[in-house]
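Subject: Structure handover and what was found in it

Dear colleague,

My notes follow after it.

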Amino acid sequence: MNTSKLNLLQKYKKLASTLLFFVILGLVFSSCSEDKFDVDVSSIQPEQKVVRFDSLLFEAHPDTVALNAGELFERYPEFASLYFYQIIKTGGPTQREFYDIFTLFLSDYDIRMAYEKSRNLYEDFTPYRKKIYKAFQHYKYYFPEKEVPDVYLMMTGFNQSVVTAEDILGIGVDKFLGEDARYYDQLKISKYLRKRMTPEVMPYEAVKGWIVTEFPFNDSVNNLVSNMIYHGKILYLMDACFPEAPDSLKIAYTDKDMVWCRKSEEDVWLYMMEKKILFDNNRMLIKKFIEDAPFTGPFTKESPGRVGQWVGWQIVRSYMNKNEQVTIPQLMKNDDYQKILLESGYNP
């Protein structure tokens with residue numbers, strides 16, 4: 001082999017070695033990023049019971065259940081009070097019309113049929129219980145001083161998905177029957193809302209409901225970016241509680257929604273910059289970007305609703321990646337949304 005060919009071969013080998021080094025380096029950094037939430041929670045064993053309050057009400061004859069409602073108040077005083085007075089609004093056993101109203105609720109054909117469907121879906125609640133319990137193990141890892149709620153499954157008359165109170169996490173199983181449940185057609189529930197009404201997404205919506213209660217929005221500065229970053233913090237804590245779960249389940253998006261967000265991230269951010277709306281406190285503008293909707297107003301109908309939440313999530317992720325000394329408890333306490341934005345260096 002002549003000298004020129006030998007030199008060329010050595011150059012190719014050197015280039016290949018350099019490329020391989022950067023590939024390996026990239027994999028290492030990627031692995032470090034993915035392993036950020038890989039913590040050992042095996043020693044954290046919080047007490048958390050699951051009460052099938054739905055079965056207690058619907059497995060017996062309506063008359064029998066109504067007459068024995070006082071026993072439910074004795075066994076589960078806090079939850080029974082919440083359920084009867086605030087969720088299904090029948091009042092309590094000491095009120096004159098309670099038994100008639102409660103019996104009507106238990107005898108309602110659609111509610112009973114919805115219970116039958118929920119029983120088929122959730123007869124074995126173990127897989128869902130494990131996901132919820134493991135999420136709270138992680139939650140307790142970051143917040144050892146906080147309490148872990150007991151879980152109550154309930155029929156709400158299609159009123160409530162998730163209800164929280166002190167030490168109580170109530171899950172309305174009739175609001176998680178699947179996108180194609182005929183009851184949702186009868187109730188004219190929009191298709192975009194049904195993304196959050198499936199068994200698959202139920203554990204994530206339940207835990208998120210608890211997190212939102214524990215970390216309420218500080219509205220002293222109520223503009224678009226503060227709402228975006230607040231929801232980004234909630235979703236970042238969901239990252240920590242469900243380290244192995246796909247993003248789509250944590251934010252209740254379809255795969256198609258996720259593809260749109262990733263492809264359009266730069267365009268969305270440029271739009272916000274060009275229109276100078278980040279610090280706008282117009283209530284309707286905030287609602288357009290943050291709340292559930294068929295799509296996010298300024299963009300195409302292929303966009304999902306709540307795009308502002310998704311962008312806020314990416315801002316918080318960027319902030320935490322660039323500020324590794326910041327702990328999750330410190331993040332959740334930090335209500336200086338503008339400072340988080342500035343220190344995130346976010347630039348898709």
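I would like to begin with Arg-306, which is buried, having a relative accessible area of 3%; here buried means under 20% relative accessible area, exposed means over 50%, and partly exposed is what falls in between, with a 1.4 Å probe and only protein chains considered. Salt bridges with shared partners bring Arg-306 into one network with Arg-196, Glu-205, Lys-208 and Asp-292, where a salt bridge is a side-chain nitrogen of Lys or Arg within 4 Å of a carboxyl oxygen of Asp or Glu.

Before going further, please keep in mind that this is a predicted model, in which local features need pLDDT of at least 70 and side-chain atom pairs count only at pLDDT 80 or more, while totals for chains, interfaces and linings use all residues. Residues are numbered from 1 along each chain as its sequence is written, and side-chain values use heavy atoms, with hydrogens and water left out.

The overall picture

The protein has 17 helices and four strands, and these are DSSP runs numbered from the N terminus, with helices being H or I of at least four residues and strands being E of at least two. Along the principal axes, the C-alpha atoms fill a box of roughly 100 × 45 × 40 Å, and of the 348 residues in the protein, 49% are buried.

Salt bridges

By the rule given above, the count comes to 16 salt bridges. One of them joins the side chains of Asp-292 and Arg-306, at 2.8 Å from N to O. Both residues lie in the loop between helix 14 (283-290) and helix 15, so this pair ties together parts that are 14 residues apart in sequence. Whereas Arg-306 is buried, Asp-292 counts as partly exposed, at 28% relative accessibility.

The strands

Which strands pair with strand 2, and in which sense? Strand 1 pairs with strand 2 in the parallel sense over three bridges, and two strands are said to pair if DSSP finds at least two bridges between them. The bridge partner of Arg-52 in strand 2 is Leu-153. Strand 2 is also joined to strand 4 (residues 168-172) by five bridges, and these two run parallel; Asp-150 stands opposite Ile-168 of strand 4, and Tyr-152 stands opposite Gly-170.

In a regular strand the side chains alternate between the two faces of the sheet. In strand 2, Asp-150, Tyr-152 and Met-154 point one way while Val-151 and Leu-153 point the other way, and all are buried. Strand 2 (residues 150-154) is largely enclosed by the rest of the structure, because five of its five residues are buried. Strand 4 has both faces covered, with Ile-168, Gly-170 and Gly-172 on one side and Leu-169 and Ile-171 on the other, all of them buried.

Strand 3 (residues 162-165) pairs with strand 4 in the antiparallel sense over four bridges, and Thr-164 has Leu-169 as its bridge partner in strand 4. The hairpin of strand 3 and strand 4 has two residues between the strands, and in this hairpin Asp-167 takes a positive phi near 65 degrees.

Finally, please look at Asp-40, which is found in the loop between helix 1 (3-34) and strand 1 (50-52).

With best wishes
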